Amino acid sequence: AVVSSDYEVTEHNRHLRDNRAGHYEGRVSIEATELPKEIAEGCIAHVKELGMQFGAIDMLVDNAGTWWFLENNPNGQWAYIEDATGQPIGKAIAQLLEHNAQS
């Protein structure tokens with residue numbers, strides 16, 4: 001999760017749409033987060049319905065705890081998430097590709 005509850009909107013950054021800039025400025029943090037079961041299942045079903053093996057799904061959680069789907073990228077920018085959290089995203093993708101190549 002990209003946590004930005006203390007991110008101050010200024011004239012300089014109010015049009016910023018990429019959280020990576022805030023991360024590199026030290027204004028937001030990136031944390032490993034476990035999705036609620038129904039959200040995780042919905043993401044998996046969405047990716048499968050599209051006939052994809054992998055999807056980088058962008059979501060937001062508002063202050064009331066409501067999850068909002070933004071988009072599904074077929075190969076989104078995930079390396080900075082892996083760097084920040086230590087989650088083995090690249091390894092998991094490689095294993096998925098290797099498994100599918102052998103099938």
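## Contacts of N72

Contact here means heavy atoms within 4.5 Å. In this predicted model, and leaving aside residues up to four places away in sequence, N72 touches H46, V47, L50, M52, G55, A56 and I57.

N72 belongs to strand β4, which spans residues 67-73. Because buried means under 20% relative accessible area, N72, with a relative accessibility of 17%, counts as buried.

## Polar partners of the N72 side chain

The side chain of H46 makes a polar contact with the side chain of N72 at 3.3 Å, while the backbone nitrogen of A56 lies 3.5 Å from a polar atom of the N72 side chain.

Helix α2 runs over residues 37-49, and its 13 residues reach 18 Å from the first C-alpha to the last, which is close to the 18 Å expected at 1.5 Å a residue. The buried residues of this helix are I39, C43 and V47; they cover an arc of only 70° around the axis, and therefore lie on the same side of α2. On the other side of the helix, K37, E38, K48 and E49 are exposed.

After α2 comes G51, whose phi is positive, near 75°.

Technical notes:
Residues are numbered from 1 along each chain as its sequence is written. This is a predicted model: local features need pLDDT of at least 70, side-chain atom pairs count only at pLDDT 80 or more; totals for chains, interfaces and linings use all residues. Side-chain values use heavy atoms; hydrogens and water are left out. Helices (H or I, at least four residues) and strands (E, at least two) are DSSP runs, numbered from the N terminus. Buried means under 20% relative accessible area, exposed over 50%, partly exposed in between (1.4 Å probe, protein chains only). A polar contact is a pair of N or O atoms within 3.5 Å; within protein, one must be able to donate a hydrogen and the other to accept it, and residues adjacent in sequence count only if both atoms are side-chain atoms. The expected span of a helix is 1.5 Å times one less than its number of residues. The arc is that of the directions from the helix axis to the C-beta atoms.
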